[in-house]
Amino acid sequence: MSLISLGEINKNILYPIIGGLSKLIAEFILFIKEPQFTKYPFILGAVTGFGMFLSIIPFIILKIKLRKENTEKQANDKLLIYNNPDDVFHRKVFCIKYLLIFCASLLDFSQKSLTFLFPAKIINNFWVFDILFITFFSRIVIKSKLYSYQLFSLGMIIILGIIFNIVNLVNSGDFNFISFILVMSIEIIFSLEIVIEKYTMEYKFCSPYEICKFEGLFEIIANVILLIISHNIGKGDDEFFNYINDLQKKEVSIKVEIILLFVSMVSRLFFKLFSLITINLYTSSHVVILLILGEIMLIFTKGNKEEDKLYIFRISCNILLVVVLFLMFLVFTEFVELNFCGLQKYTKKNIEKRALTEISLDIEKNNNEDFRDSCLEPINDEEENEIPSQKEI
């Protein structure tokens, strides 16, 4: 057997890929065009909320579809049980579910607010800590365990992430104590949010569309309230009116700004919704795929060719790291199997093979036992009486 072989390809893996690429494309477009709304944290937060709230469209479509498909045979289904308003247990689960959604929404708002308010101090590509924190919270909250090939690939991703940050942050002037504290706060909040969302979907029967919708609504309301407060206090810059004044300038195209607003909203929708679908289908750790794909552009936009003497060296190292990262992703998602040290033992394909082999052996064993029992079974008296004697013949 070769050391590396192809695994089983699951079409659901398109969710994290599309979600990550949507953020990558949007970040690239916004990086080139530099729209005005990205300069105002509360407006950017409201735009993000509107994008997430767009998940109400597929949510309503699925609701209508499910209502048409529901029949009397589904009366005992867990979803219909929880739709009984007279059930005390339902009300308890209902309250817990929306309390968890509120907590996740609050964490999401806090994480995004820190990111938007302090963009200059935020160090990107620190998904190494996301892996560690998500694994830690998942073990505590969901009691989930990772298989050996997942631990190996995530461990390699962590090592590669550390090397990546050393290559890009040393002597770059981006790293300081305040940045580190902000990054740690953001990554802890984000990781806890992901695990709570996973728990809500898995144990409280909540759909990704429902969570995305409510988190978007919370984001809109919170940022609108903050805009109103900042306007009434009158201290500092008034974000809303400053943004309107920027749009009225001749050098700013309103049509381009509206298109970029739409691009940003759609990107936020795909990234958030597909993140939720990914962790619902797989593990909480799979959300790291979207993070790395979404931030991979920063590898080539950081630094200056003229000022940074190590620019070419860093880019070369980054390209090599991306190639190895891509290989580890293939291992983590079971597209590629590593056939050494037992890493291939608990992949989905090999688990199914062992299950089929055990079933075949059990069937063969039962058939052999039935045949042996039939051969050893004594002839009873009635059967003996049925055999004609020589006198009767």
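The lining of the second largest cavity divides into five nonpolar residues, three polar and one charged. Here Ala, Val, Leu, Ile, Met, Phe, Trp, Tyr, Cys and Pro count as nonpolar, Asp, Glu, Lys and Arg as charged, and the others, Gly among them, as polar. This is a predicted model, in which local features need pLDDT of at least 70 and side-chain atom pairs count only at pLDDT 80 or more, while totals for chains, interfaces and linings use all residues. Residues are numbered from 1 along each chain as its sequence is written, and side-chain values use heavy atoms, with hydrogens and water left out.

**The second largest cavity**

- At least two lining residues come from each of H2, helix H5 (88-117) and helix H9 (208-233), with H5 giving the largest share, four residues.
- Helices (H or I, at least four residues) are DSSP runs, numbered from the N terminus.

**H2 against H9**

- H2 and H9 pack at an angle of about 155°, and their axes are 7 Å apart; axes are lines fitted to C-alpha atoms over the stretch in contact, and angles run from 0 to 180 degrees between N-to-C directions.
- The two helices are therefore roughly antiparallel, the word used for angles over 145 degrees.
- H2 passes H9 in a left-handed crossing, which is one where the near helix is turned anticlockwise from the far one by less than a right angle, whereas clockwise is right-handed.
- The contact (heavy atoms within 4.5 Å) includes Pro-41, Phe-42 and Gly-45 of H2 and Glu-219 and Asn-223 of H9.
- Residues of this contact comprise 12 nonpolar, five polar and three charged.

**H2 against H11**

- The axes of H2 (residues 41-53) and H11 (residues 254-281) come within 7 Å and cross at roughly 55°.
- The crossing of H2 past H11 is right-handed.
- Among the residues in this contact are Val-47 and Phe-50 of H2 and Leu-261 and Arg-268 of H11.
- Six nonpolar, three polar and two charged residues make up the contact of H2 with H11.

**H6 against H8**

- H6 (residues 127-141) and H8 (residues 177-203) have axes that come within 9 Å and cross at roughly 40°.
- H6 and H8 are therefore oblique to each other, and their crossing is right-handed.
- Residues that meet here include Phe-129, Phe-133 and Phe-137 in H6 and Phe-180, Ile-188 and Tyr-199 in H8.
- The contact of H6 with H8 has 13 nonpolar, two polar and two charged residues.

Technical notes: Parallel < 35°, antiparallel > 145°, perpendicular 65-115°, else oblique.
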